[in-house]
Amino acid sequence: MKLNKIIAMTLLAATTFAVTSCKDDDDNNTASRLFRPIASVSATGNDLLVTWKSITGTSEYVLELYSVTSTDENGNPNYTQVQEARTSSTTYTFKSLAWDEKYMVKIKGIAGDKSSMYYQTSDVSITYPSILSNVKTIDAAARLTWDATSNDTIKCILVFEDGVADAVQTIKVSKTDYAAGQMDIYGLKNSTSYVFKTYNSTTTFNNDTYKGKMTATTKEPTDFDTKYGAGNYIDIRDWDEDQAKDTLKSADFQAMLKEGITVILRGEQDYKVNNTLTFDKSVTFVTGPTLGGNARFISSGGMTLVKGKDANVAKLQFIDIDFYSDKAIADLPVETCTEKGFGGRQVFNENGTNSTLDSIVFKNCLIEGYRAVVRAQNANDAIHHVYFDGCTINGIGDQGIVTTSNKAADFRSVTMKNCTVTNVVMACDLRATASAISFNIRNCTFCYAPIETKANANTPLLRFNGNSNEVTINIEKSLFGPSMMTKDCDGETVQTFKAGTNGSIFLNPQDVTPNVSSAFRTNFDWTSIGEGEAAKTYGISGIESLGMSETDLWQDPAKGNFKIKATLAEDDLGAKKWWK
């Protein structure tokens, strides 16, 4: 009993001490410490305003300004103190701070010999309203881009390794460079983080001349030996730029090609091609790491297989290559073209070579301004399989993207996957093939295709009439806009980038039933050919109407922007690049 009494008295004493201590802390006049001031911070320009509630009896407040200099391995900020200030007011402004930095403030109150604990604010960014828009990196270079239409100017770029005080490069920006809206910066280290700071002075670098910064990390260099095999590629990115345009047509270059070779091209370099570029071996062309766009093939004639050797070529591949016909660029740009041949060129044209190509592959390519992309002109031509994957095809004429020219060439399959197809007179003309053929359309976006005509059924999207072999058509998860407009609906004069008013001919008379799943069209009607009881329409059964126009479905189809803006029952329709 005596022990229990001692324990009870001890607990009572402890409780009394705790209550007394809390009361003292709450009393600003008698506490050994004041309350902490509760502060907030906000940025206006590069000034930082700190405000807080006053504490009774406080004569002065101490503020410490810290900049965020780095982060630890867990992502937590590391701070460095840069300023200290004292004031008797309940606001304070730190002026003219460094742009594009983060800051934090600590504040405490002082009353005589008493002081409160520090209150720490959250981090606040001082952000410069920069005209810089993007920075793209490859292994040892970067491209900085900006809005050149701004009234602002950039005259110099300082390049820093992230966390290093001294610039590793100082690059002057001429008036011409500035007007171009971009600057390429070379000589960087692989896998290194860089800060690119811009100024409107070439000599003075401070807050007054500062014009914003971008941060980016360079990439690991591509190991071509591992990717393609040692000795199994030709890297021509550093070949003389003036001579590079004629490189692919030269006999010296073609002599370097061996079976299965990969040719690595320079981005944004034009390479001329025509029917002197012939193949008797499997070759892959690919754009190497680039700061800008793809390598460009400018066609004055179609590439082909060798003639007279009866060669058997397993595969030709074109990856990240843009194709333009010389006519489309110079004389008949697609956006102004009115002739249904779009310049009369082909990308690849096998013309009586008696050689065989098992497959031709186009991946992530832009193809613009041709009469056909893959053409066979004779019955002894053989291109077994044609693949388009992730391609944009704009402005293809009356021979069709793929054609056998009504000769029984050996075509066996055509596959279009994740492609955007616009301003196309026909997708194919496969009225004659040497064997059964399948045409596969998966996750594709079609608009302003085919050409609109009421004259006859000779320019449908898919032309198979007369083919005596088995024809299989598979269409899935694809979207179709209206036809390309023509003058007088006779099919002779095209008007690109405009919707037709009489619908579209999709499949002309043919004993084939397409396999269609999850495919939809905008609110056009199928074109009717003929009059009265003899009139026929050539639609594809199973392509359902969405009940909306192409401008309701897509962001800006006339300008090639097919980003889906409507709400659809399925989210994965059309080419993937346009999904929400």
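**Exercise 1. State in which loop Asp 320 lies, and whether Asp 320 is buried, partly exposed or exposed.**

Step 1. Asp 320 sits in the loop between β24 (312-319) and β25 (321-325). Strands (E, at least two residues) and helices (H or I, at least four) are DSSP runs, numbered from the N terminus.

Step 2. The model is predicted: local features need pLDDT of at least 70, side-chain atom pairs count only at pLDDT 80 or more, and totals for chains, interfaces and linings use all residues. Residues are numbered from 1 along each chain as its sequence is written, and side-chain values use heavy atoms, with hydrogens and water left out.

Step 3. Buried means under 20% relative accessible area, exposed over 50%, and partly exposed in between (1.4 Å probe, protein chains only). Asp 320 has 24% relative accessibility, so Asp 320 counts as partly exposed.

Step 4. The phi of Asp 320 is positive, about 60 degrees, although Asp 320 is not a glycine.

**Exercise 2. Find what the phi of Ser 191 is near, and where Ser 191 is placed.**

Step 1. Ser 191 has a phi near 50 degrees, which is a positive value in a residue other than glycine.

Step 2. The loop that holds Ser 191 runs between β14 (182-186) and β15 (193-199).

Step 3. With a relative accessible area of 36%, Ser 191 is partly exposed.

**Exercise 3. Determine whether the peptide bond from Ala 449 to Pro 450 is cis or trans, and locate Pro 450.**

Step 1. Omega of the bond from Ala 449 to Pro 450 is near 0 degrees, and the bond is cis.

Step 2. Pro 450 belongs to the loop between β35 (445-447) and β36 (462-463).

**Exercise 4. Describe the surroundings of Asn 274: which residues does it touch?**

Step 1. Asn 274 is in the loop between β19 (270-273) and β20 (278-279).

Step 2. Leaving aside residues up to four places away in sequence, Asn 274 touches Lys 249, Ser 300, Gly 301, Gly 302 and Met 303. A contact means heavy atoms within 4.5 Å.

Step 3. Asn 274 counts as buried because its relative accessibility is 13%.

Step 4. Asp 398 is 124 residues from Asn 274 along the chain, and their C-alpha atoms are separated by 20 Å.

**Exercise 5. Describe the chain as a whole: how many helices and strands does it have, and what is its radius of gyration?**

Step 1. The chain has seven helices and 47 strands.

Step 2. Its radius of gyration is 35 Å, whereas a compact globule of 580 residues would have one near 25 Å. The value is taken over C-alpha atoms, and the globule rule is 2.2 Å times the number of residues to the power 0.38.

Step 3. The C-alpha trace spans about 110 × 60 × 60 Å along its principal axes.

Step 4. Of the 580 residues, 48% count as buried.

Step 5. Of the contacts between residues at least 6 apart in sequence, 73% join residues at least 24 apart.
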